[in-house]
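Below is a short walk through a single structure, meant to be read alongside the coordinates.

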Amino acid sequence: MTEPVYTPPEAGPGSEPPSGTARPGGTQADGSRPDGPQTDPASPPPGPSPGLRSALAGVRAEVGKSVVGQDSAVTSLLIALLCQGHVLLEGVPGVAKTLLVRSLAAALSLDTKRVQFTPDLMPGDVTGSLVYDANSARFSFREGPVFTNLMLADEINRTPPKTQASLLEAMEERQVSVDGTPRPLPDPFVVIATQNPVEYEGTYPLPEAQLDRFLLKLVLPLPERDEEVEVLARHAAGFDPRDLRGAGLEPVADADVLARARAEVSRVQVSREVLGYAVDVCRATRYSPSLSLGVSPRGATALLRTARAWAWLSGRSFVTPDDVKALAHPTLRHRIQLRAEAELEGVTAEGVLDTVLASVPVPR
Ligand SMILES: Nc1ncnc2c1ncn2[C@@H]1O[C@H](COP(=O)(O)OP(=O)(O)O)[C@@H](O)[C@H]1O
Ligand SMILES: [Mg+2]
């Protein structure tokens with residue numbers, strides 16, 4: 001798998017694209033633009049600001065003070081924040097899903113709320129509701145837990161469709177309407193919904209049409225042995241997951257840094273050839289004999305968004321086919337559906353995506 005692992009701007013290949021392809025700032029060695037005729041050679045777009053990139057690299061380091069490993073997930077969550085997109089997070093209990101989200105919020109000075117999605121949770125428990133205030137003899141709106149920056153929706157499959165729908169509506173519209181009055185949600189607002197891959201008993205799987213609304217689906221693996229030993233070593237040394245400050249985790253960026261980074265991401269250039277490549281990858285899924293459902297045009301636009309954010313994080317002002325490849329698995333894996341026969345034969349969504357990426361010609 002080719003999921004992104006963030007390289008801080010100070011070191012490593014992220015700061016310097018492979019020689020011969022392009023230089024930071026988006027110009028070729030000969031001074032020409034790498035991204036085709038749509039850019040104005042007189043005023044090349046500025047590359048990512050080093051200050052913003054290193055602030056976000058700092059977030060990575062802070063999260064690492066509490067969470068061991070899971071680098072790819074941390075990077076992907078940063079990409080989601082840069083795109084204001086929602087995330088499905090799959091993993092068995094106890095692989096630090098909650099710790100990861102809380103640490104990310106702390107490092108970014110963002111508000112976070114966690115909701116356990118139980119079978120008896122009501123829509124108003126998520127969005128908020130009107131409550132009667134005896135003092136003023138009036139109804140007033142009491143905000144639900146969606147009024148936050150990073151909402152951890154734990155085990156979203158355990159709640160019935162009506163409550164899932166209230167969350168999905170808030171995700172889509174970035175506002176809550178109760179009693180006809182729209183109330184905007186904070187900025188940023190990103191939902192991280194967890195799913196347990198094992199328990200299907202007594203759950204309500206999200207319909208395909210709803211899965212498409214999540215920008216990314218991340219799969220948190222079990223740690224490697226040495227990582228797990230490090231987790232235990234930290235516990236032995238007194239690490240308390242409820243006390244992130246005590247673990248030395250400091251806020252190193254905030255909503256304003258994210259907003260400025262987001263503005264830069266929206267200026268990252270994409271050539272017609274790279275757009276064509278992203279489209280070809282998505283179209284190829286629609287013709288795969290193993291799939292009953294391929295990636296929709298909405299999924300293709302999602303791939304463009306995540307590839308752009310990844311290009312920016314990698315220090316470039318333009319998207320390469322490799323950026324598209326790097327984000328294909330987390331962006332597309334939940335947007336395709338295997339045929340039952342293929343599933344029985346042991347075909348997986350990841351395998352289909354690998355085949356597609358290997359077969360679609362890459363523009364040069
Ligand atoms: N990769 C890891 N890094 C640090 N601690 C971990 C890691 N994986 C598990 N843990 C430990 O296990 C605990 C359970 O994690 P939690 O975030 O509650 O898991 P989940 O939400 O996935 O069920 C954490 O508080 C932490 O002590
Ligand atoms: Mg948890």
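How many residues has helix α2, and what does it reach from its first C-alpha to its last? Before the reply, some conventions. This is a predicted model, in which local features need pLDDT of at least 70 and side-chain atom pairs count only at pLDDT 80 or more, while totals for chains, interfaces and linings use all residues. Residues are numbered from 1 along each chain as its sequence is written, and chains are lettered from A and ligands numbered from 1 in the order in which they are written.

Helix α2 (residues 71-83) has 13 residues and reaches 19 Å, close to the 18 Å expected at 1.5 Å a residue; the expected span is 1.5 Å times one less than the number of residues. Helices (H or I, at least four residues) and strands (E, at least two) are DSSP runs, numbered from the N terminus. A residue is called buried if 20 or more other C-beta atoms lie within 10 Å of its own, exposed if 12 or fewer, and partly exposed in between, with C-beta atoms placed from the backbone. Twelve of the 13 residues of α2 are buried, so the helix is largely enclosed by the rest of the structure. Among them are Ser72, Val74, Leu77, Ile79 and Cys83.

The next element is a sheet. Strands of a sheet pair through backbone hydrogen bonds, either parallel or antiparallel. Here, an open sheet of five strands has parallel pairing and the order β2-β5-β8-β1-β9; two strands pair if DSSP finds at least two bridges between them. At the edges stand β2 (112-116) and β9 (216-219), each with a single partner strand, so one side of each is left without a neighbour in the sheet. On average, neighbouring strands of this sheet are turned by 20° against each other, direction ignored. The angles are taken between axes, which are lines fitted to C-alpha atoms (for helices over the stretch in contact), and run from 0 to 180 degrees between N-to-C directions.

Strand β5 (residues 150-154) runs parallel to β8 (residues 190-195), and four bridges join them. Towards β2, β5 pairs in the parallel sense over five bridges. Methionine 151 has valine 191 as its bridge partner in β8, and lysine 113 stands opposite methionine 151 too. Five of the five residues of β5 are buried: Leu150, Leu152 and Asp154 point one way from the strand, and Met151 and Ala153 the other way.

Some backbone details remain. Most residues other than glycine have a negative phi, and most peptide bonds are trans. Glutamine 84, in the loop between α2 and β1 (87-90), has a positive phi of about 50° although it is not a glycine. Arginine 174, in the loop between α5 (161-173) and β6 (175-178), likewise has a positive phi, near 55°. Glutamine 84 is partly exposed, with 16 other C-beta atoms within 10 Å, and arginine 174 also counts as partly exposed, with 15 C-beta neighbours inside 10 Å. A cis peptide bond, with omega about 0°, joins aspartate 187 and proline 188; proline 188 is found in the loop between β7 (181-184) and β8.
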